[in-house]
Amino acid sequence: MKRIAVLTSGGDAQGMNAAVRAVVRTALDHGLDVFAIYEGYQGMVDGGDAIRPIRWNDVGGILHKGGTIIGSARSAEFRERSGRLKAVRNLLLHKIEGIVVIGGDGSLTGANILYEEWPELVAELVADGRIGATTAAQFPSLAVAGIIGSIDNDMFGSDVTTGADTALHRIVEATDAITSTAASHQRSFVVEVMGRHCGYLALMGALAAGADWVLIPESPPDVDDWAETMCRLLRKGRETGRRDTLVVIAEGAQDRHGNPITSEQIKRILEERLGEDTRITVLGHVQRGGAPSAFDRNLSTLLGSAAVVELISAETGTPPFVMGMRGNKLTRTPLAEALRVTNAVTTAIVAQNYDEALRLRGKSFQESFRTVRTLVRALPHPPTPGQRRMRIAVLNAGGPAPGMNTAVRAAVRLAVDKGHIVLGIRNGFHGLIEDDISEMDWMSVSGWATRGGSELGTNRYLPHGSDYYAMARNLEKYAIDGILMIGGWTGYRGGLELHRQRHTFPAFDIPIVCLPVSINNNLPGAELSVGADTALNSIVSAVDKIKRSAVASRRAFVVEVMGNYCGYLALMSALATGAERVYLHEEGVTLADLEADVRQLVDGFSKGKRLGLMIRNEYANPVYTTGFMRALFEEEGGDLFDVRESILGHLQQGGDPSPFDRILATRLASQCVDYLEKQIGQPEPRSACVGQVQGELLFTEMEDIARLMDMDVHRPKRQWWLDIRPIARVLAKPAPQTQSTNNSE
Ligand code: ADP
């Protein structure tokens with residue numbers, strides 16, 4: 001493979017630029033020629049200036065931009081065979097052997113058809129004398145890689161598609177803002193989000209917003225008189241003291257006979273039957289706007305880079321494939337298969353076969369739907385007579401992190417709904433030692449889904465000595481059957497200690513589960529901890545601003561980010577902002593490294609570079625501090641460039657949780673409640689830590705957890721994300737010698 005082209009097509013999606021950048025730079029780095037096809041398939045049909053070489057620096061400075069810099073379009077001509085014939089000729093004229101298509105299911109259907117028709121279209125061009133037989137023989141087939149750019153997340157082949165996370169950010173920003181005004185006026189709001197055949201945005205938006213009712217195409221209300229059911233529930237919610245009502249509806253919502261349900265209709269129902277002052281917000285294109293989230297930038301970057309690597313290694317004639325992500329693992333699915341399942345969902349919805357539609361959406365979608373249905377209840381189900389009501393204690397421990405409240409709320413409601421009793425322990429292990437414990441009911445966590453910080457209180461106090469006696473006494477006093485610790489490293493250490501001492505203190509011989517919440521993402525048994533995504537977004541938006549402050553001057557920044565000894569935030573924020581250098585404790589920093597970095601900076605700035613960006617983990621090296629690095633670079637830069645340091649500090653721990661963190665927190669909490677239910681009362685109850693591992697939510701037993709922890713540096717011994725370093729390094733390199741170097745980002 002010598003030459004590939006990249007295009008973005010169909011509805012634009014946030015993160016498309018990151019994908020384009022990754023495709024272009026990875027391909028150039030592998031020595032390929034890269035062309036951009038402007039304005040989607042229309043550019044392919046038109047040829048000429050719409051297909052042009054694209055260079056390293058052409059994709060600099062675009063990570064934070066919405067939309068797509070190479071343009072997208074809907075092309076009616078390409079839908080016709082005659083249009084595709086022109087497209088094939090243009091690709092052949094440019095000797096393009098492979099394409100990366102970034103678009104939705106329509107665009108990828110088009111790509112699949114192009115691949116299938118390729119031999120006959122080429123033959124036709126030869127027969128007409130529009131292409132020489134020798135050229136045709138050189139290009140027997142077209143290699144096609146797809147990246148799903150779709151804000152609806154409506155396509156099979158990736159857990160999440162490019163643009164969906166950013167769309168959720170926009171939805172949650174809107175619902176958070178709306179709920180605050182709705183509460184002051186006791187109003188009702190109907191928020192309509194995108195998704196004609198896919199309820200992903202509505203469902204996850206409702207989960208993240210703590211909405212009171214949700215309507216999605218895949219699972220319409222199961223009764224004909226759904227309006228009455230909805231009103232009954234909302235009325236009850238008001239009676240229990242809720243000050244606002246939020247209904248989230250997907251644009252493709254329908255009843256079980258396939259009749260559309262509109263936001264207007266919901267508004268009428270709420271006004272007529274409940275007498276509620278109701279407003280509608282249709283989010284529309286807002287969901288495609290704004291800066292791409294950190295997640296979308298990194299997802300798209302990894303997919304773009306992988307698509308090129310796969311294209312290069314694919315044998316001639318390999319059928320088209322889509323690159324996707326499952327958990328943190330890159331996946332490759334045959335495009336035909338991805339399209340088949342995607343179409344099957346739509347067919348099932350149209351045929352009103354809703355069970356099938358839900359089944360095809362997959363396990364985590366179904367699970368989230370079940371969870372939402374419980375969380376929206378106005379009141380819990382009453383306990384079943386004669387059932388064993390378990391007494392579950394919940395606490396936060398460790399550094400504060402966004403998502404703690406979300407997880408506590410979900411755990412309290414889900415457990416109470418199952419008839420159990422939840423006891424909240426305040427201020428981490430202190431509360432358990434000092435008897436600061438009280439029962440939490442359904443309404444005690446109202447409004448917590450969206451709130452940053454820790455309402456229960458959290459700190460890094462690790463129990464020791466006589467604390468254990470006090471904790472055992474209180475566990476007995478409150479007859480606690482199981483503990484849910486929601487927090488970070490200290491919480492894990494504390495949980496582990498209690499478990500270890502269960503033979504000395506029988507009160508500790510109960511199931512203990514730990515749910516990972518820490519901005520550092522340094523917890524064992526979980527590839528991602530709740531809170532890290534929010535912190536990452538805070539860092540990325542701060543760095544975006546810092547970079548913009550330097551447009552006119554020649555300046556380099558050393559930005560220090562948190563993470564304790566774990567470099568996750570540093571590396572991922574570097575990947576999302578295009579930082580050219582990242583300093584991690586895991587790798588260490590040497591004087592030789594710094595000398596090489598100085599040389600590279602001097603070289604870059606002397607060739608016209610305007611901006612330098614380095615991200616340093618707070619504990620990367622105790623001697624070569626952020627201040628030291630700044631001084632060193634400043635001195636060596638002389639008149640060539642200035643250096644500024646920026647220590648981002650506590651803004652990383654604050655803020656309201658991102659949609660991703662809210663969703664993860666809720667899903668994990670649901671698993672933990674189920675786990676405790678299973679373990680409580682067992683003769684030898686087990687204790688464990690929950691976490692997402694390769695896309696699945698799994699429990700790692702407490703005995704194994706200790707072995708995964710590096711106790712000296714407070715991080716897991718193996719960290720999956722370290723494997724991403726080579727990609728970050730390649731993509732942020734300065735342009736190769738042959739290309740101009742004024743903007744390497
Ligand atoms: P999306 O890719 O976002 O789903 P569309 O469905 O509008 O958006 O598709 C974008 C473009 O992809 C269309 O304008 C058309 O050029 C091409 N396309 C879509 N479906 C087909 C098809 N069945 N055959 C050929 N080209 C198609």
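**A sheet, its helices and a pocket**

Helix α19 (residues 532–548) lies across β17, β19 (611–617) and β20. Its direction is at about 160° to β17. Angles run from 0 to 180 degrees between N-to-C directions, and axes are lines fitted to C-alpha atoms, for helices over the stretch in contact. Contact means heavy atoms within 4.5 Å. Helices (H or I, at least four residues) and strands (E, at least two) are DSSP runs, numbered from the N terminus.

This is a predicted model: local features need pLDDT of at least 70, side-chain atom pairs count only at pLDDT 80 or more, and totals for chains, interfaces and linings use all residues. Residues are numbered from 1 along each chain as its sequence is written, and side-chain values use heavy atoms, with hydrogens and water left out.

Now look at the sheet. Strands of a sheet pair through backbone hydrogen bonds, either parallel or antiparallel. Here four strands form an open sheet in the order β18-β19-β17-β20, with parallel pairing. Two strands pair if DSSP finds at least two bridges between them. β18 (581–583) and β20 (642–647) are the edge strands, and each pairs on one side only. From one strand to the next, the twist averages 20°.

Follow β17 (residues 555–561). Six bridges join β17 to β20 in the parallel sense. Val559 stands opposite Ser646 in β20. Another helix, α22 (residues 626–637), lies across β17, β18, β19 and β20. α22 runs at about 170° to β20.

Next comes a pair of helices. The axes of α13 (residues 354–361) and α14 (residues 363–375) come within 5 Å and cross at roughly 115°. Leu358, Arg359 and Arg361 in α13 meet Phe365, Gln366 and Phe369 in α14. By class, this contact has three nonpolar, one polar and two charged residues. Ala, Val, Leu, Ile, Met, Phe, Trp, Tyr, Cys and Pro count as nonpolar, Asp, Glu, Lys and Arg as charged, and the others, Gly among them, as polar.

Last, the second largest pocket. Its volume is about 900 Å³. A pocket is an open set of points on a 1 Å grid over the protein atoms alone, where a 1.4 Å probe fits, with protein on both sides within 12 Å along at least five of seven lines; lining residues have an atom within 4 Å of a point. A volume is the space filled by probe spheres set on the points. Of the 37 lining residues, Arg74, Gly104, Asp105, Gly106 and Ser107 are the closest to the centre. The largest share of the lining, six residues, comes from α5.
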